[in-house]
Amino acid sequence: MSLLLGLLTWMPVGTTPQQPAVVAVERAITAMGGSEKLRGIKRIERELVGTLPDPGQGESPAKPDDAPIREVLARDGTDKVADVLDLLIRGGLRLHFRSVSDGQEGFRVNYENNTLITFPSARAAPFVSIVLRRFPEQLLLSAQRRPEALRWLGTQIVNGWTYEVVAYGDLDGEVDDLYFDAVTHDLARVQRLNDDPVRGDAPIATLYTRYQQTGGFRFPTRIIGLQGSDTVSDVKVERLVLDPVPQDAVVVDEGLTTAFSLLSFVVAVPSAIKVFN
């Protein structure tokens, strides 16, 4: 027994799959501004402006319709989110939604047909997780908190650029591959596989580019969405506000005031709107 213990004592300990992955995440957080400063952000709003190329709505498959889009993503802490989408599709169809959730309940307003749909916690919690992952700084902080969910995938070269790749499994079960620029350590790409009825298992990727200094932080100013080899969204960050102060009180229909009074976003709902549960 003493001989066995001696062998185990002198046995070299190799690098675990988590260790280089944790280092890559830490470097990206440092490049963005540092863990302490990023966790100190209470509220953040991003206004995204650009296009959603859609081959199905274009003049031909070679000429997709570049539908103009404006979207505002906002979060208060890590449990309250709001998403305002305004999209104009060829032919005059307009999609204008506001979705709000505190992780327990949620609602979506459709301003085009004046309807409001409420949804329970079974849908509210996943919605919050999905929206929070769209904030690159929050995605990295979540990964930092769960080192056991990180795996080192090695170094890859994509379009001539070298990336350090880490797999991250989020709390809701989604697994994303995080691509970090090997030189700047910026989070450059987030990718996962999706079961597409046409393409089969096609990768869905979000590219974060053109990082710039903003309020003491380093954030991406252009975000591109890919599905397979097709570009499905291309937006720039037109406005970014850190810790914004609400200018108006929260206004919602009767019965929702209590549920959403904790949200720090202006979520005005016309009193004449139709409510569907």
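What we are looking at is a predicted model, in which local features need pLDDT of at least 70 and side-chain atom pairs count only at pLDDT 80 or more, while totals for chains, interfaces and linings use all residues. Residues are numbered from 1 along each chain as its sequence is written, and side-chain values use heavy atoms, with hydrogens and water left out.

Strands, labelled E, are DSSP runs of at least two residues, numbered from the N terminus, and two strands pair if DSSP finds at least two bridges between them. Two residues lie between E7 and E8 in their hairpin, where Asn 159 in the turn has a positive phi of about 50°.

On to the next partner: E8 and E9 are also antiparallel, with seven bridges, and Val 166 stands opposite Leu 178 in E9. This hairpin has five residues between its strands, and Gly 173 in the turn has a positive phi of about 100°. Seven of the nine residues of E8, which covers 161–169, are buried (under 20% relative accessible area), so this strand is largely enclosed by the rest of the structure.

Finally, please look at His 185, in the loop between strand E9 (175–181) and strand E10 (187–196). Its phi is near 70°, a positive value in a residue other than glycine, whereas most residues of that kind have a negative phi.

Methods
Helices (H or I, at least four residues) and strands (E, at least two) are DSSP runs, numbered from the N terminus. Buried means under 20% relative accessible area, exposed over 50%, partly exposed in between (1.4 Å probe, protein chains only).
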